Every structure is written in C-alpha cells, then in structure tokens.
Amino acid sequence: MESLNLISLRATSPTPRAAAGFSFQQSLNPIPKNSSISSLMPQAHKKNQSFLGQISFPAIKSQQFEVKDGSSTASETSVPEVDALKIKEWEVGMYQNEVAASQGIKIRRRPSSGPPQHYVGPFEFRLQNEGNTPRNILEEIVWNKDVEVTQMKEKKPYAVLKKLLDKAPPARDFIGALKAANARTGFPGLIAEVKKASPSRGVLRENFDPVQIAKAYEKGGAACLSVLTDAKYFQGGFENLELIRNSGVQCPLLCKEFVIDAWQIYYARVKGADAILLIAAVLPDLDLKYMTKICKLFGMTALVEVHDEREFDRVLAIEGIELIGINNRNLETFELDIANTKKLLEGERGQKIIEKGITVVGESGLFTPADIAYVQEAGVKAVLVGESLVKQDDPTAGIAQLFGKDISL
C-alpha cells in the first residue's frame, strides 16, 4: 500500500492558560533590563519584569505518521526556533487583549493577524471571529502606535535613553501649578493644549507655530500646557515638546501621547515633559500602577484619563493616583457631553476623590464660561482645553473669553 502522510501538531507542555503563575493582572510592560528603575521597584513588580518569562509556553513540535500495511510509525521534528518565537510573541499579543478585556477594556492592543504557522494552543478555536479592522478611532491610533513605538525603540533603546535622562531639564510641579492657579483665580487651573489637528475636526490651525502658541497661552494665564506628540493623527511631534521646553516657557508641560509602552515615558522625560497622559481605556490596571511609579521616580505627574464609571472605579482603586482627567468625549461615537463629568463625580466616587485628595481635570467639550462653571460646580479643579483656544487668532484673548474674565498674571 502507498504510504499516507498525516501531519498533526501538539504541545509538549501544558497550554499557557494552565501555566502556573499566570494572572490577568500580569503587567504588559516589563521593566527594562539593567534599569535603575528596576532596582527601585517593589519586589512584586520585579517578579513581573518579563511577561514572556512568567508564562510557560508550549514547545511546538510536528508529529508525522506514516501508515503502511495497517501499521503506523511516528516521528517528531521540532518547529524551527524562529517559528517558536513568533508563536510566543503572537500568544503574548492575544493574552494582552484578554487581560484588557477582563478589565472591561475594549481597545485591542494590536490587530489579530492570525496565528503563526504550525500554531496549536488555547486560542485556536477563537480566531474565526477576530477582525483586523479597528473598532473605533482610538483602537486605530493604538494599533498604529504599537508599530511606531517598536520602530522608535530600535533607534533609541532604553540604554540610550538612560544616558540622555541625565541631561534632561528637571521636572516641574504640574499639580502644584494647577492648584496655585486655582487658588489665585478662583477658577479651575487651565491646561491649554498645543494642537494642530484632530481626527474628528481635521486641521484646527493652519499657521501653526507651537512656541508662539505656547507663549500666548502662558501670557493669557494658563497654569500648564498640553502638547500633542502624535504625528499621524494630530500632526504633532516630540520635537514640538522639546521646542517649547527650550523656549523659556515656564508652564509645566504635559506630553499628550497615546502611551502603550513604558519606553514612551522615558522618551517624554528626555524631551522635557513634566507630566504624561495615561489612558485607562487602553492600559490595564497593572500597567497603570507600574507606569505611575515610573513617573514618580522621574518626578513626573501621571494624568490618568477615564471616560466612564468602570474606568473611574478601576483608577480610584489604584494607590498613588493624584490626577484624574474625565474625558467628556464618547470614544465610540466621538460625541461630546459635559454632563459626563458631573455624572462621574456624583455620590460615592466624588466622596472618594475628596478623601484621597485627588485633583480632577475636566476634558473636552469646554467652549464657554458656562461650560467652565458647570464642570467647576461638579467638582473639577482644573480643565484641559484645546480646540476652543487654538482656533483663536489671539489665543491669549481666547483664554479670557473662555473664562469670561482676564485670568492672566
């Protein structure tokens, strides 16, 4: 009888789902090897330094059966090492999405490109419904950012950034500046945003000079500045952050970036950032905890942004959070509703904010003095405003119009 070759695949160790030590609280951002940060991190975080190291991935082998005259023999050949690495990396990506989903995060870290060749594992029966189309604009931005950061890390690895950190200008007190402005004016401290464009509104300002705009904001009474650093969707860049920092502007600077990797915090600090945005709709709890600790070690402030009740509850449960931003924009529809701020600060959540001494920032949809008064009454001590200011011919005068009063020094 002619020989019949049948190929099957199997794992020589238990599947990752059953691997000892795996937790849905596992960090998705390992601490860089030989980092000074690593030596200062709590023991629990040191144990989580390598996501890959904590998971027992199966060694994938192919098993070939030859059937001759009713009998069979089996032989095994290991999948090439490069394929095994691709399988591990792909499964890590799948786990990242599962970790996020377990915490109510709908944003997937990267598209599901399908399993590598020879894959057999716990995800094999769930692939048919996975799509490669972003569900919303935030997910599209995150997918693009994943590729972008990977490329940037190759050009400037952690070792290079660590050396540059010593030359970075000292971090300034972001929250302190907001509180001082609130005490001085009686209004929420203003974080004025340097932004050229947005996915929903297109180009906001054609004659865009980031330093000129930053100085106009400072003159008008802004306590702090937010600088968009995403190039593809907002036409921003880290060079704008660096230019403003080196221009002599005294306002502390927030790096408005879509952070998915701790490397971005290092890079922002090198470029002169005093604070950085962390989005709860994108980052699982342990990443928020870990990244907040890195910010503290650098003397930076983490502005943790929430959009709904579940995200707010997650962030309130994390120790050490000092600044929370409430975004009034629906991530799926992009609709604005400033009542979202009031809704999230009512009742028990508002009481926890007071007890913990957390400063709350109202974000998006603020265009008039009535809007400012509404969110201030709801409990915010600061506001982040971009579009309604950057579109003004004179941003300095635009600040006075926004508050209904001159708040400049």
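Analyst: Among contacts between residues at least 6 apart in sequence, 72% join residues at least 24 apart in this predicted model. The secondary structure comprises 17 helices and 13 strands, and buried residues account for 53% of the 409 residues. The accessible surface of the protein is about 18,800 Å², with 49% of that area belonging to carbon and sulfur atoms.

The barrel itself is closed and has eight strands, in the order S4-S7-S8-S9-S10-S11-S12-S13, with parallel pairing. From one strand to the next, the twist averages 25°.

Helix H11 (residues 285–298) lies across strand S9 (275–279) and strand S10 (301–306), and it runs at about 180° to S9.

In soluble globular proteins, nonpolar side chains tend to be buried together. Leu225 illustrates the contacts in this region: beyond residues up to four places away in sequence, it touches Phe174, Ile191, Ala192, Ala214, Tyr217, Ile244, Val249, Cys251, Pro252, Leu253 and Leu254.

Cysteines deserve a separate remark. The structure holds zero disulfides. Cys224 is in no disulfide, and the nearest cysteine sulfur, that of Cys251, is 6.7 Å away, whereas a disulfide requires sulfur atoms within 2.5 Å. Cys224 is buried, because its relative accessible area of 0% falls under the 20% limit. Cys255 likewise has a relative accessible area of 0% and is buried.

The buried set also includes a lysine. Lys145 lies in helix H5 (residues 137–155), and it counts as buried because its relative accessibility is 0%. Leaving aside neighbours within four places in sequence, Lys145 is in contact with Asp230, Glu257, Phe258, Ile260 and Gln264.

Notes
Residues numbered from 1 in each chain as written. Predicted model: local features only at pLDDT ≥ 70, side-chain atom pairs only at ≥ 80, totals over all residues. Heavy atoms only, no water. Contact = heavy atoms within 4.5 Å. Buried < 20%, exposed > 50% of the residue type's maximum accessible area, 1.4 Å probe, protein only. Helix = DSSP H or I, 4+ residues; strand = E, 2+ residues; numbered from the N terminus. Areas by Shrake-Rupley, 256 points an atom, 1.4 Å probe, with all protein chains shown as cover. Pairing = 2+ DSSP bridges. Axes fitted to C-alpha atoms, helices over the stretch in contact; angles between N-to-C directions.
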